[in-house]
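Morning, everyone. One structure today, and I'll keep it brief. Have a look at the screen.

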Amino acid sequence: MDDPRASGQEHLSRTVGLCAHCAHVQVIVSDKGSRFYQCRLSFIDARFPRYPPLPVIECAGYTPGFGQS
Ligand code: SF4
């Protein structure tokens, strides 16, 4: 259950995990406003799923930064 007191960043960290602030993520927003977190490392390394199950708690490819949205 969502805690309304949590900040947006806390909420993202809890629901999305590492992908929320990884340099390899591509955020895709559907016509209906749904957000999908695509791992761009998946294009060059089969160890990484294109759409990882969220939240991602541990990831060998995690690189702190900001992906493309
Ligand atoms: S490398 Fe890991 S943390 Fe980064 S976008 Fe891909 S799955 Fe998410």
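First, the ground rules. This is a predicted model: local features need pLDDT of at least 70, side-chain atom pairs count only at pLDDT 80 or more, and totals for chains, interfaces and linings use all residues. Residues are numbered from 1 along each chain as its sequence is written.

The layout. The chain has 1 helix and 2 strands, in the order α-β-β from the N terminus. Helices here are DSSP runs of H or I, at least four residues; strands are runs of E, at least two; both are numbered from the N terminus.

How much is buried? Of the 69 residues, 16%. Buried means 20 or more other C-beta atoms within 10 Å of the residue's own, with C-beta atoms placed from the backbone. After H1 comes Gly 17, with a positive phi near 80°.

Now the strands. E1 (residues 25–29) and E2 run antiparallel, joined by 5 bridges; pairing takes at least two DSSP bridges. Gln 26 sits opposite Gln 38 in E2. Their hairpin has 5 residues between the strands, and Gly 33 there has a positive phi near 90°.

Past E2 (35–39) lies Pro 55. A cis peptide bond links Leu 54 to Pro 55, omega about 0°. Most peptide bonds are trans.

Conventions
Buried ≥ 20, exposed ≤ 12 C-beta atoms within 10 Å, placed from the backbone.
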